[in-house]
Amino acid sequence: MKIHNYHTNLDELKDCPFCGGRPIAFLQGNEHLNRMGKRVSITIKCPDCRIQRTDAVRRHNLEWLESIAIGHWNNRIKAKEIIKSLDK
């Protein structure tokens, strides 16, 4: 399956939480494959430190997958919350 650069809503992505680099996104699959029940995925990757995450679905539309992938990438835990959980 061919992997394509994916540019929809990249402005919504926060910078890399580890190095501050600007992330890029790749779409594997398309709407046609998705309707056939095949796996479609979006990988968001930092080209600087190479950290990445992939979210995939079957039988959900690409807008839904995109919102999930962006939400997961942008989710950050605040340092105060981490320290508080370690103190327990």
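**Note on the predicted model: burial, core and polar pairs**

1. Ile-70 counts as buried, at 9% relative accessibility; here buried means under 20% relative accessible area, exposed over 50% and partly exposed in between (1.4 Å probe, protein chains only). Ile-70 belongs to helix H2, residues 62-74.

2. Residues are numbered from 1 along each chain as its sequence is written, and side-chain values use heavy atoms, with hydrogens and water left out.

3. The protein chain contains three helices and four strands, arranged along the sequence as β-β-α-β-β-α-α. Helices (H or I, at least four residues) and strands (E, at least two) are DSSP runs, numbered from the N terminus. Of the 88 residues in the protein chain, 31% are buried. The protein chain exposes about 6,300 Å², with 51% supplied by carbon and sulfur atoms; accessible areas come from the Shrake-Rupley method with a 1.4 Å probe, and for residues only the protein chains shown count as cover.

4. S2 runs antiparallel to strand S3 (residues 40-45), to which five bridges join it; strands pair if DSSP finds at least two bridges between them. Ala-25 has Ile-44 as its bridge partner in S3.

5. Thr-43 also lies in S3 and is buried, with 15% relative accessibility. Its side chain makes a polar contact of 2.8 Å with the side chain of Thr-54. A polar contact is a pair of N or O atoms within 3.5 Å; within protein, one must be able to donate a hydrogen and the other to accept it, and residues adjacent in sequence count only if both atoms are side-chain atoms. Beyond neighbours within four places in sequence, the contacts of Thr-43 (heavy atoms within 4.5 Å) are Ile-24, Ala-25, Phe-26, Gln-52, Arg-53 and Thr-54.

6. The largest nonpolar core has 14 residues, among which Ile-42, Ile-44 and Leu-65 touch the most other members. S2, S3 and H2 each give two or more residues to this core, and H2 provides the largest share, five residues. Such a core is a set of buried Ala, Val, Leu, Ile, Met, Phe, Trp, Tyr and Cys residues joined through side-chain atoms within 4.5 Å. Leaving aside neighbours within four places in sequence, Leu-65 is in contact with Val-40, Ser-41, Ile-42, Asp-55, Ala-56 and Val-57.

7. The structure has two salt bridges, each defined by a side-chain nitrogen of Lys or Arg within 4 Å of a carboxyl oxygen of Asp or Glu. Asp-15 pairs with Arg-22, the closest N and O atoms being 3.2 Å apart; Asp-15 is partly exposed at 39% relative accessible area, and Arg-22 is partly exposed at 37%. Arg-53 pairs with Asp-55, with 3.0 Å between the closest N and O atoms. In this pair Arg-53 is partly exposed at 30% relative accessibility, while Asp-55 is buried at 8%.

Notes. Predicted model: local features only at pLDDT ≥ 70, side-chain atom pairs only at ≥ 80, totals over all residues.
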